[in-house]
Amino acid sequence: MLRQYFEMKSRVPDAILFYRMGDFYEMFFEDAREAAPLLGIALTARHRDSDIEAPMCGVPWHSADQHIARLVAAGRKVAICDQVEDPRAAKGLVRRDITRIVTPGTVVDPSALLPDAPCWLAALTPGDPEWGLAFLDLSTGRFHAGKLPPARLAEVFALFRPRETLVPEGCDLPFPTNAAVSRRPPEWFGRARSEAPPETLARLDAATGNAAAAARAYAGEMRPRGLPHVLRPEPLRFDERMRLDASAVATLELFESSDGDPQRSLCALLDRTRTAMGARALREAVSRPSLDPVELEDRWDAVEELVGKPAVREALRAELGGVGDLERQFGRIAVGTAGPRDVLAWASGLKRLPPVRAAGESLASPRLRALLDGIPDVSDLADRVDRTVAPDAPALASAGGAIRAGADVELDSLRDLRRNAQGALLEIEAQERQRSGIANLRVRFNRVFGYSLEVGAAHRDRVPADWIRRQSLANAERFATPALKDLEAKILGAEERIGEIELRLYSEMLVDLAAGSDRVSRAAAAIAGIDLHASFAELAHSARWVRPKLSATPRISIRDGRHPLVEHHRREEPFVPNDCDLSPEKRILVITGPNMGGKSTYLRQVGTIVLLAQAGSFVPAASAEISAVDRIFTRVGAADHLSRGESTFMVEMLEAAAIVREATASSLVLLDEVGRGTSTFDGLSIAWALVEHLHDSPEKSGFVLFATHYHELTEISLVKPAVANATMAVKEIGGRVVFLRKVVPGAADRSYGIHVAELAGLPAAVTARAREVLSNLEKQELDIQGAPVIARRGGESAGEGQLLLFTGSEELVLEKLREADVDRMTPISALSFLASLQERLKG
Ligand code: ADP
Ligand code: MG
C-alpha cells in the first residue's frame, strides 16, 4: 500500500494527497503534518511495520469537500486519490487513481470561494522588455490578459490578488507573494501555446498570448471536461485606468482595514449591492478607476438618475435580490460540477431577468439603458432546465430522481416498469404468505443478495420446498423463488438503466446549457453593472454623498469632505469635515500639527474622495470638483507601520524613489511622515529635498499632500511659491487640549508639545528647560557636532530668503555675506541685513 501511495504522491508532489481508504481519505507524512493543524483534526501515527512510523490524519469521505475547501482557502493544493475498482472485486490491493486536483486558483466549489471576490488564477510568462500576464477566474469564466515590464507586476498583483500563480520552472517571481505558486516546465508553456484554442490567442501579441495560453491550459488540466464558459481573454490596458500600487491599496484600505479586517474596508462600506456579481463589479470599479471623462460623466449620470428615482431604485434592487449568482452557478454548469438543485436555482435566477428589465423601464441614462437593453433573452436556457430537471430533484445527479417525468419516453416507461414491479413484489409477498401460512413473511432488499423473502427463524419448518435459501441471519432466514428472481432481474435491470439514462440526460443538458455561455456572460455583466450603479445610488442617497464635478484644468477642490471609513466606524466623536484646494498655483500642501491631530486622516480622505469619484461613485463631501488623477501614490512613514515590522527606512526610500521616478503632472501624491524611519537630520534633509524636488518638477509630481512632524518643512513655502502650509487646529479648554480636527492655513505652534507636557503634569522645571532648549535650537545655538542643521531664515529683510544647509552659525553668516546682492539692497534692508547677521553671531 505504501508503494502505491508513494507512486500517487510522486505524481502530485506539490499537492496534499487525499488517499482513499475505506470510508476515509487519509493523509500521510508531511501532508498530514501540514493538513492536521489547518483542518483542526488529530495527527496520529500508525505503526505499519515495527520500523515505520507514519504520521497520518484522515477525514470521512462524505465531508471531504469541506476539508478540501479549507485547505484550498489556505492556499494549498489537494489531489484526491480514489479507489477505481470495487474493493470486493479487487484481487489484492485495490486499484487507485488520482481523480481530481483542486488548486486555490481553479476551485469552483462555492464553499471555497468568497462570494464578493473573484478567484484569479494568474499566469506569468517572462519576456524582455515585457512579461505576459493573464488572469483567469474559472468560477465565472472571466479572463484577462496583457503585458507589463516586470517592475510593474507587483502593482497589478496587489490589485488582482490572484490565489494562485503559474510560472515556468526556474523562474523567480519578481515580487514577493503569499499566494500559492505553481510551476510547469518551459516546454509545457510552449505546448500550451501551440495547442491553445484559436479564440484564446486571437488578436493578442506574442507576450500576452503566451500567458493567456498558459492560464487556459493549466485550468484545462484541472478541469478535463472542458471550459466552455471561458471566452476570449479581454485585453488588459493598464494605462487606461488609474494606477494604484500595493501601498495605495493598503493606505486607502480598499479591501481590508489597516488592521486587516475586510468587514471594515472601503469596499465593504460601499457595498449595497444585491448580487454577488454586483459586489465583484464594485471591487473591480474601485480597483481600476477610470480616467476617461466621458465614461465618468456617464457613470455619474447613471447614479444620479437612480438617486433621483427612489421608487425605481427600490424596485430594481428588489428584483436583483432574486437573481442569485448566475455567473458562478453557470461556471459550475460549464465545468460539469453543478448538481440538479444548483441548476434549478440558476434557472430561477434567469427567470428574474425580464422583471429586472421591466423594473428599469423608465430609466433614461445612456449607461443604464445600455445595460438594461443588453440583458439577452435566455428564456430558452431556463426552459431547457424546466423540461429536464425534476422540481424536487436531489442535490446530486447520481442520487436518482433528477430528471422530471415526461423528459424522456424510455425513462418514463422504465419508471412505470419499476413502479409496477413494486406492485408485483407486494403481490408475490401476499401470495407466498398465504401459501406458506407464515404471517410475518416480508420481501426484503439487500445490495449483495438482492430481493428475498424473509422469514423469522421460528417459522423455518413451514418454508415450502421450492424456495431457495439465500442467506441466514441471526434470527431470520432469506429465500428466493423463481418468480421473485425473474422480477428481481427486471427491477435491477430497470434500475440500472434508469440511472444511466438520468445521468446521460443530465449531462447532455449541462452541455446544452454551457453552449449559452456567451449570452450568460453578457447577462451577468449587465446585471453586475446595474447592481453596481444601484448600489452607488443607494449609498449616495442614504449617506448624502454628492455628485463630483470633473474639472478640465488640474484641480482638487473639495468642500466639507469626509473620510467615509473614519466617519462610519469611529462614532465616539462627530466627524469634522474639511476642505481641500489644490491647483497648479498651490499644488503642494505641507501639513503640520500635533500627533493625533488628524493629519493622516486628512490625507487619506482626499485620496479616498478622488478614488471614489473615479470609480464612478458619488463622494462624501458638500461638493467636489476634481480633474482626473492618473495615479495615487501613498507613502506612509515608518512609525505608522511599526506593526507590519518591515524594515522600514529602505522601503520608505524605495517608495519615495518610485514617486520621484514615476509621478506625472496628473498624479496625487500622499506623503505621510516620510523620513521618520531614520535619524532626525537625515529624515528632515530627505523630506526637505523631496518636497523641493517635487515642487521644481511640476510635470512630474502633480498634487502633493505632505503630512509631517518636521516643523522646519513649513519654511519651504517661503521660497517655493506653489507650496502652502496647513495645520490641524487645536484649542485649550480648561487646561485640556482639544483637537478641533480642522485643517487651517499656517504652521503649528512649535512649543505645542511642551504645552501638552505641561498639561500632562511634567514638573515646571523640566518644561521650562524644554522651552530653553527649544529656543536655543531655533537659534541654531546648539550645533550638534558637524551634523547639518537647517538654517533659520536670515532675518525677514534678507530678501530672497534662501535656505541652506550649514554646519554652524559662523559659516552661515559668511555664506550669507558671500551671497548677498549688495547692488540691489536698499539702505534700510542693508542695515537690517547687517543686524540679522550680528544677532546670529550673538546667538
Ligand atoms: P495624525 O496623523 O495627525 O496623528 P490621525 O489622522 O491619525 O492623526 O487622527 C487621529 C484620530 O483622530 C483618528 O483616529 C480619528 O479617529 C480622529 N480624526 C481624525 N480626523 C478627524 C476628523 N476630521 N473628524 C473626527 N475625527 C477625526
Ligand atoms: Mg499620522
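A crossing of two helices is left-handed if the near helix is turned anticlockwise from the far one by less than a right angle, and right-handed if clockwise. Helices (H or I, at least four residues) and strands (E, at least two) are DSSP runs, numbered from the N terminus. The model is predicted, and local features need pLDDT of at least 70, side-chain atom pairs count only at pLDDT 80 or more, while totals for chains, interfaces and linings use all residues. Residues are numbered from 1 along each chain as its sequence is written, chains are lettered from A and ligands numbered from 1 in the order in which they are written, and side-chain values use heavy atoms, without hydrogens and water.

Start with the helix pairs. Two packed helices are described by the angle between their axes and the distance between the axes. Axes are lines fitted to C-alpha atoms, for helices over the stretch in contact, and angles run from 0 to 180 degrees between N-to-C directions.

Helix α18 (residues 409-436) packs against helix α19 (residues 482-514) at about 150 degrees, with the axes 9 Å apart. That angle makes α18 roughly antiparallel to α19; angles over 145 degrees count as such. The crossing of α18 and α19 is left-handed. Contact means heavy atoms within 4.5 Å. On the α18 side, the contact residues include L411, L414, R415 and I428; on the α19 side, they include L487, K490, I498 and L505. The contact of α18 with α19 holds 15 nonpolar, no polar and seven charged residues. Ala, Val, Leu, Ile, Met, Phe, Trp, Tyr, Cys and Pro count as nonpolar, Asp, Glu, Lys and Arg as charged, and the others, Gly among them, as polar.

Next come α14 (residues 340-350) and α17 (residues 379-388), whose axes come within 9 Å and cross at roughly 145 degrees. Their crossing is left-handed. V343, L344, W346, A347 and L350 of α14 meet L381, A382 and V385 of α17. Eight residues of this contact are nonpolar, with no polar and no charged.

Now the backbone. Most residues other than glycine have a negative phi, and most peptide bonds are trans. The bond from D128 to P129 is cis, with omega near 5 degrees. P129 lies in the loop between β7 (121-125) and β8 (131-137). R161 is not a glycine, yet has a positive phi of about 45 degrees. R161 sits in the loop between α4 (153-160) and β10 (164-168).

Finish at ligand 1. Of the 15 residues around ligand 1 (a heavy atom within 4 Å), V576, M596, K599, S600 and T601 come nearest. A backbone N or O atom of M596 lies 2.6 Å from an oxygen atom of ligand 1. A polar side-chain atom of R741 lies 3.1 Å from a ligand 1 oxygen atom.

Terms used
Parallel < 35°, antiparallel > 145°, perpendicular 65-115°, else oblique. Polar contact = N/O pair within 3.5 Å; in protein donor to acceptor, adjacent residues only side chain to side chain.
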